[in-house]
Each structure stands twice: as C-alpha cells, then as structure tokens.
Amino acid sequence: MNSKTESDKHEDIGCLQAIEAFYAYLDGELEDPKSISDFEHHMSHCRSCFSRSDVEKLLTERMRQSASSEAPQELRGRIRRLMDEL
Amino acid sequence: MTEQEDIKVFFSRNIEEAMDALYGTALRLAGTGADAEDLVAESVSKAWSAIETLQDRSRFRPWIFRILHNCFVSNYRRKAVRPTELPYPEDGDDGLATLLNEQPDEFLIWWANPEREFFNNVLGDAIVAAIEQLPEAFRAAILLINGEGLTYDEAAEALGVPQGTIRSRMKRGRTMLQKALWEQARDAGLAGPGDTNRHDK
C-alpha cells in the first residue's frame with residue numbers, strides 16, 4: 001500500500017525521457033526537484049536504465065582520470081617568470 | 001596592500017590553481033605539448049592585460065577558459081595537430097530519438113545494454129583517442145565539463161554559446177564518444193552486439 005502511494009507521487013517517465021536527462025543528472029545540472037524525483041524513480045525500477053546510468057558514471061570517472069594532465073614544470077616556471085614581470 | 005597588489009595576488013593564486021586544467025585543455029585542443037604550453041602562456045598574458053573585464057571574481061574559471069579558447073581559435077586552431085575528426089553534426093535541440101535514429105542498429109543494441117566490464121577494461125589511451133576524434137565544439141564541452149569539472153553555465157560562458165547548446169553538445173558528444181569506443185572495441189574483436197534487451201527507439 002505504501003509503495004503504491006509513493007509511486008503515485010511520480011510521473012512515470014519512459015526510458016527515452018530518462019536517457020534524455022542522463023547527462024544533466026549525472027553532471028549535477030538537473031535542477032527541477034520534480035524532474036530529479038521522476039528520474040530517480042525511473043532508475044529505481046528500470047534495471048536497464050539503472051545499468052546504463054551506472055556505466056555512464058563509470059565512463060565519466062574514467063574520462064576525468066584519462067583527460068587530466070599535469071602542467072610541466074617548465075610551463076610553471078615560465079608562468080612564474082611572467083607573473084614576476086607583471 | 002594596494003588594490004593593484006590585491007588584484008595581482010588574486011590573479012596569481014587563481015592561475016596557479018587552474019594551471020593543470022588550463023594545460024590539460026590546451027593539450028587536447030592544440031594537440032602537442034609545445035603548442036599547449038605556448039597557448040597557456042599566451043592566454044595568461046592576455047588575461048592579465050584584460051583583468052578589468054573580469055567583473056565577478058567568482059567567475060574566474062569560465063573567464064580564463066574563454067580567453068584560452070579564444071586564443072586557441074585565433075592563433076592555434078589552424079596549425080593544430082589533430083587526428084581525423086568525426087563529421088560535425090549541426091547543433092540543435094533535437095531529441096534523443098533523432099540522435100539514436102542516426103546510429104547503426106549494431107551500435108544501438110550494444111548501447112542499450114553496455115557491459116560495465118567493457119568500460120572497466122577500456123584503457124585511458126583509448127578514451128583519450130576517442131575524445132580527440134570528436135569535433136572541436138563537442139570535445140571542448142566534454143573536456144571542460146567532464147574533464148575539468150566546469151558547470152554547464154560556466155562552460156557556456158567559456159565557449160561563448162547558450163547553455164542549451166552545451167546541453168545538446170554533451171548529449172551528442174557523449175553518444176559519439178561511446179560510439180567511437182565501441183568501434184575501437186569492435187575492430188579489435190572485443191565487442192559484438194549486446195543482448196536484445198533494447199530501449200524503445
């Protein structure tokens with residue numbers, strides 16, 4: 001009974017609509033509380049979308065690690081000298 | 001401390017904090033370490049000359065990335081050493097259904113149910129190669145948001161486009177990125193079609 005009441009609070013969005021919201025949600029850009037709630041509700045009962053979301057998170061994390069670069073010491077020295085001249 | 005000294009301290013501290021992110025973005029845009037270093041140095045110099053245009057100090061990151069991007073477009077884009085890029089799709093507020101309809105069925109079957117294991121095993125080099133194949137507009141948005149942690153609002157300011165365009169580029173860019181990874185894996189015999197549990201297309 002409780003779960004039915006809980007379920008009634010959410011609009012049952014389909015998979016396409018959920019995937020439309022994927023990146024905005026994962027990137028912390030979905031702001032409307034109802035959209036967040038509907039998205040999370042869909043994820044809670046759609047195994048396929050939950051699985052995709054899980055993979056998207058993993059890929060985002062791998063991208064963050066792979067795309068990041070450390071500035072070379074030579075560049076840091078060059079910028080420091082530039083700053084000293086300001 | 002005079003106002004000028006205060007601005008200089010603020011500028012130096014923020015440049016230092018953003019240095020890795022600026023270099024990383026410059027490297028993915030320009031393609032070589034030498035050009036990336038020149039691009040960062042030139043951008044820092046231009047930024048200091050234009051410091052009075054920074055109206056809100058809390059917007060330093062999008063402001064400096066915008067200068068870096070403009071500097072790249074003006075002076076480095078033409079000579080950038082780039083792998084062959086994927087065709088540039090038009091920006092638009094098209095829905096996911098349109099986007100998916102453009103993809104081959106074999107990819108969609110895999111995309112609808114990708115194996116987590118596959119992404120666990122994808123090497124960092126393969127991800128970088130896939131990012132570098134993206135058309136510049138998509139690559140820049142993904143690098144700034146997923147690589148450097150800018151918000152959509154900040155990325156829109158940095159790239160000089162509306163936020164809706166950033167949203168659209170993220171959706172398309174991420175799909176193109178996965179397709180490039182899938183093609184790499186397929187060509188290496190590592191990924192075949194997934195199961196038939198597909199999303200509605």
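Which pattern does chain B follow when read along the sequence? The pattern is α-α-α-α-α-α-α-α-α-α. Please note at the outset that this is a predicted model.

**Chain B as a whole**

The chain has 10 helices and 0 strands. Colour its residues by burial: of the 201 residues of chain B, 38% count as buried. If contacts in chain B with a separation of 6 or more are drawn, 77% of them are accounted for by residues 24 or more positions apart.

**The two domains of chain B**

Now colour chain B by domain. Domain 1 covers residues 3–76 and domain 2 covers residues 96–187. Where the two domains touch, 10 residues of domain 1 of chain B are in contact with 14 residues of domain 2 of chain B. On the domain 1 side, at least two residues each are supplied by α1 and by α3 (60–76) of chain B. By class, that side of domain 1 divides into 4 nonpolar, 3 polar and 3 charged residues.

**B:Ala30 in helix α1**

Select B:Ala30, which has its place in helix α1 of chain B. Is this residue buried or exposed? Because 23 other C-beta atoms lie within 10 Å, B:Ala30 is buried; the count required for that class is 20 or more. B:Ala30 and B:Val73 are 43 residues apart along the chain, and their C-alpha atoms are separated by 9.8 Å.

B:Leu108 counts as partly exposed, because it has 17 C-beta neighbours inside 10 Å. A residue is placed in this class when its count falls between the limits for exposed, 12 or fewer, and buried, 20 or more. In sequence, B:Leu108 and B:Phe138 are 30 residues apart; in space, they are 21 Å apart, C-alpha to C-alpha.

**The crossing of α7 and α10 in chain B**

Hide the remainder and select α7 (124–133) and α10 (163–187) of chain B. The axes of α7(B) and α10(B) come within 9 Å and cross at roughly 125 degrees. The two helices are therefore oblique to each other, since that class takes the angles left over by the parallel, antiparallel and perpendicular ranges, the last of which is 65 to 115 degrees. The crossing of α7(B) and α10(B) is right-handed.

Show the side chains at the contact. From α7(B) come B:Ala126, B:Ala130, B:Ile131 and B:Gln133, and from α10(B) come B:Leu177, B:Ala180, B:Leu181 and B:Gln184. By class, the contact has 6 nonpolar, 2 polar and no charged residues.

**Chain A as a whole**

Of the 86 residues in chain A, buried residues make up 21%. Among contacts in chain A between residues at least 6 apart in sequence, 61% join residues at least 24 apart.

**The crossing of α2 and α3 in chain A**

Select residues 15–26 and 33–45 of chain A, which are helices α2 and α3. At what angle do their axes cross? The crossing is at roughly 115 degrees, and the axes come within 10 Å. That angle makes α2(A) roughly perpendicular to α3(A). In handedness, α2(A) passes α3(A) in a left-handed crossing.

Display the residues that meet here: A:Ala18, A:Ala21 and A:Tyr25 in α2(A), and A:Ser35, A:Phe39 and A:His42 in α3(A). The contact divides into 4 nonpolar, 2 polar and no charged residues.

**Where the chains touch**

Finally, show both chains and select the residues at their interface. Here 41 residues of chain B are in contact with 35 residues of chain A. Several elements of chain B give two or more residues to its side, among them α2 (33–49), α6 (116–121) and α8 (136–147). The largest share of that side, 9 residues, comes from α1(B). By class, the side of chain B that touches chain A has 21 nonpolar, 11 polar and 9 charged residues.

Technical notes. Residues are numbered from 1 along each chain as its sequence is written. Chains are lettered from A and ligands numbered from 1 in the order in which they are written. This is a predicted model: local features need pLDDT of at least 70, side-chain atom pairs count only at pLDDT 80 or more; totals for chains, interfaces and linings use all residues. Two residues are in contact if their C-beta atoms, placed from the backbone, lie within 7 Å. Helices (H or I, at least four residues) and strands (E, at least two) are DSSP runs, numbered from the N terminus. Ala, Val, Leu, Ile, Met, Phe, Trp, Tyr, Cys and Pro count as nonpolar, Asp, Glu, Lys and Arg as charged, and the others, Gly among them, as polar. Domain bounds come from an automatic or database domain assignment. Axes are lines fitted to C-alpha atoms, for helices over the stretch in contact, and angles run from 0 to 180 degrees between N-to-C directions. Angles under 35 degrees count as roughly parallel, over 145 as roughly antiparallel, 65 to 115 as roughly perpendicular and the rest as oblique. A crossing is left-handed if the near helix is turned anticlockwise from the far one by less than a right angle, and right-handed if clockwise.
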